[in-house]
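The following note sets out points for a colleague who is reviewing this model. Please read them alongside the sequence and coordinates.

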Amino acid sequence: MAKVAITTQFFPEEAERLRREGHEVVIHEGDPLGKAGLIAFAKDAEALIIPLADRVDEEVLQGLPRVRVVANLGVGVDNIDVAAATRRGVLVTNTPEVLTEATADLAWALLLAVARRIVEADQDLRREGFPGWTFVPKHLGLDVYGRTLGIVGFGRIGQAVARRARGFGMTILYYSRTRKPAAEEALGARFVPLEELLRESDFVVLCVPLTPETRRLIGARELALMKREAILVNVARGPVVDEAALAAALKEGRIWGAGLDVFEREPEVHPELLKLRNVVLTPHIGSATWATRRRMAALAVDNVLAALAGRRPPTLVNPEAWPPKLGPAVMCTT
Ligand code: NAP
Ligand code: GLV
């Protein structure tokens with residue numbers, strides 16, 4: 001039996017699965033604990049199930065020496081120091097695949113909302129009433145069908161965004177770390193350098209992980225390459241974009257608009273963005289559908305159960321840490 005600390009509201013049936021296997025489960029449902037709070041709350045835990053708002057770094061791992069597995073409730077693991085975990089023989093897992101389609105749907109929801117000015121139109125109707133049908137209304141937007149979509153990061157989510165674009169008759173460009181010949185063929189997508197993608201695309205959707213290489217991938221220089229009528233959608237991570245530069249470009253009309261699900265300093269949102277009408281903002285809800293969140297919880301529990309039983313977790317992020325060496329945490333429990 002091991003102690004599993006879950007630091008977010010969780011589906012009771014998934015917590016129950018852990019208990020049925022004999023594990024003790026403690027759940028923190030409030031605001032993020034912060035590092036000291038996490039260490040205090042998860043004392044003696046051998047497994048953590050954490051939301052993206054929690055950071056697990058060297059200090060946390062040192063404060064929780066019995067932890068053998070950290071299960072992240074998300075695919076991106078930039079909130080975890082994976083190298084530090086690997087050095088300590090701690091397994092890190094994430095939730096790929098199960099959230100791909102929901103996140104691609106949200107990217108499209110943002111793209112369409114900005115292009116067709118859905119949020120502005122809704123707000124104005126509620127505030128001012130239905131203005132009557134006019135031929136040249138206040139909320140004239142942009143065509144989507146038949147235009148050019150540029151996808152930055154052509155992995156699971158990027159390709160799912162591209163699949164939807166086929167229904168919109170779009171030309172699909174992509175830029176990614178490695179070329180994807182099979183996806184190019186299947187989706188009719190064309191690999192181009194990032195600068196060309198930014199110059200040519202009517203819509204740019206960011207789907208890269210946050211790494212040292214992708215931090216501020218889109219700054220003032222890149223925004224200046226985009227068309228005046230282009231829309232930027234970010235469902236990746238906030239720090240991939242220089243938020244101040246984006247706010248300036250939007251304010252000055254250097255690009256048409258933006259749809260943002262993620263922010264540089266979550267939960268803070270750049271105050272200039274909040275003032276702008278040509279940006280649609282959502283609070284990091286890419287994977288937030290009932291069914292997807294249930295699948296993510298189930299996968300996190302599968303990962304923890306496997307790790308605690310000495311089996312390889314299904315979605316292990318650091319295979320270098322497998323198989324675990326017999327360390328202090330393991331010896332304490334045997
Ligand atoms: P993925 O399958 O690993 O795809 C990421 C793609 O980005 C890969 O094709 C990767 O190239 C490429 N890439 C990595 N570094 C790059 C670089 N420096 N330049 C260009 N391309 C680069 O991951 P995914 O499942 O699609 O998820 C992508 C990211 O979306 C996650 O890491 C997370 O941050 C974010 N996300 C956000 C939400 C949300 O709620 N908004 C939900 C889910 C995910 P390779 O193929 O060569 O590895
Ligand atoms: C969400 O942002 C995720 O990485 O799953």
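**Notes on salt bridges, ligands and surface**

1. At 58% relative accessibility, Arg127 is exposed, where exposed means over 50%, buried under 20%, and partly exposed in between (1.4 Å probe, protein chains only). Its salt-bridge partner is Asp124, at 2.7 Å from N to O; a salt bridge is a side-chain nitrogen of Lys or Arg within 4 Å of a carboxyl oxygen of Asp or Glu. Asp124, by contrast, is buried at 3%. Both residues belong to helix H6, three residues apart, about one turn of the helix; helices (H or I, at least four residues) and strands (E, at least two) are DSSP runs numbered from the N terminus.

2. The model is predicted: local features need pLDDT of at least 70 and side-chain atom pairs 80 or more, whereas totals for chains, interfaces and linings use all residues. Residues are numbered from 1 along each chain as written, chains are lettered from A and ligands numbered from 1 in the order written, and side-chain values use heavy atoms, without hydrogens or water.

3. Asp124 and Arg127 also belong to a salt-bridge network that includes Arg117, Glu120, Glu128, Lys138 and Arg277. The count of salt bridges comes to 34.

4. Asp302 and Arg17 form a salt bridge of 2.9 Å, N to O. This pair links distant parts of the chain, with Asp302 in helix H13 (residues 290–308) and Arg17 in helix H1 (residues 12–20), 285 residues apart. Asp302 is partly exposed at 32%, and Arg17 is partly exposed at 22%.

5. Ligand 1 is surrounded by 27 residues, the closest being Ile157, Arg177, Thr178, Lys180 and Asp261; a residue is counted if one of its heavy atoms lies within 4 Å. An oxygen atom of ligand 1 lies 2.7 Å from a side-chain N or O atom of Thr178, and a nitrogen atom of ligand 1 lies 2.8 Å from a side-chain N or O atom of Asp261. The protein covers 88% of the 930 Å² of accessible area that ligand 1 has on its own (Shrake-Rupley method, 1.4 Å probe; for residues, only the protein chains shown count as cover).

6. The residues around ligand 2 are Leu52, Gly74, Val75, Gly76, Leu99, Arg237 and His284. Oxygen atoms of ligand 2 figure in each of these pairs: 2.7 Å to a backbone N or O atom of Val75, 2.8 Å to a polar backbone atom of Gly76, and 2.7 Å to a side-chain N or O atom of Arg237.

7. Val136 lies in the loop between helix H6 (118–128) and strand S6 (148–152) and is exposed, at 61%.

Methods:
Polar contact = N/O pair within 3.5 Å; in protein donor to acceptor, adjacent residues only side chain to side chain.
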